[in-house]
Amino acid sequence: MAEQAIAKLKYARISPRKVKTVLDLIRNKDAYVAMAILKNTKKGASEYLVKLLKSAMANAENNFQMDPDKLYVSECYVCPGPTLKRIMPRAKGSADRILKRTSHMTIVLKERD
């Protein structure tokens, strides 16, 4: 099996549904192309993913001695983390539940042959 560099971000305060749309843009792209896409995407998730991709690239270069020019995003996915449950007061003393969702994001980089 080929070497792979992994970076994970856990408990990010953003909904997995919002992250998934941005991850679909960078899947199977070269690392530098993916970085450019993320930096030019006006989504809240792209801020988290830029840091995560930088971390994965640093892991690949420093821990596995991979060539940064040959790296590509082989896998990227998001899983739901724990949901924070909050209460919002409503009319007549009732309450609505607010669900603040969290995400666990993973990016895996490999070298192209």
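In strand β5, the bridge partner of A5 is L109. Strands are DSSP runs of E of at least two residues and helices are runs of H or I of at least four, both numbered from the N terminus; two strands are taken to pair if DSSP finds at least two bridges between them. The model is predicted, so that local features need pLDDT of at least 70 and side-chain atom pairs count only at pLDDT 80 or more, whereas totals for chains, interfaces and linings use all residues. Residues are numbered from 1 along each chain as its sequence is written, and side-chain values use heavy atoms, with hydrogens and water left out.

Strand β1 is joined to β5 (residues 103-111) by six bridges, and the two run antiparallel. Both belong to an open sheet of three strands, ordered β1-β5-β2 with antiparallel pairing. At the edges lie β1 (5-12) and β2 (71-80), each of which pairs on one side only. From one strand to the next, the twist averages 15°.

Two helices pack on this sheet, contact being defined as heavy atoms within 4.5 Å. Helix α1 (residues 16-26) touches β2 and β5, and its direction makes about 165° with that of β2. Angles run from 0 to 180 degrees between N-to-C directions, with axes fitted as lines to C-alpha atoms, for helices over the stretch in contact. Helix α3 (residues 44-63) touches β1, β2 and β5, its direction making about 150° with that of β1.

A further antiparallel pair consists of β3 (residues 84-89) and β4 (residues 95-100), connected over six bridges. Within this pair, R86 has I98 of β4 as its bridge partner. The two strands form a hairpin with five residues between them, and K92 in the turn has a positive phi of about 60°.
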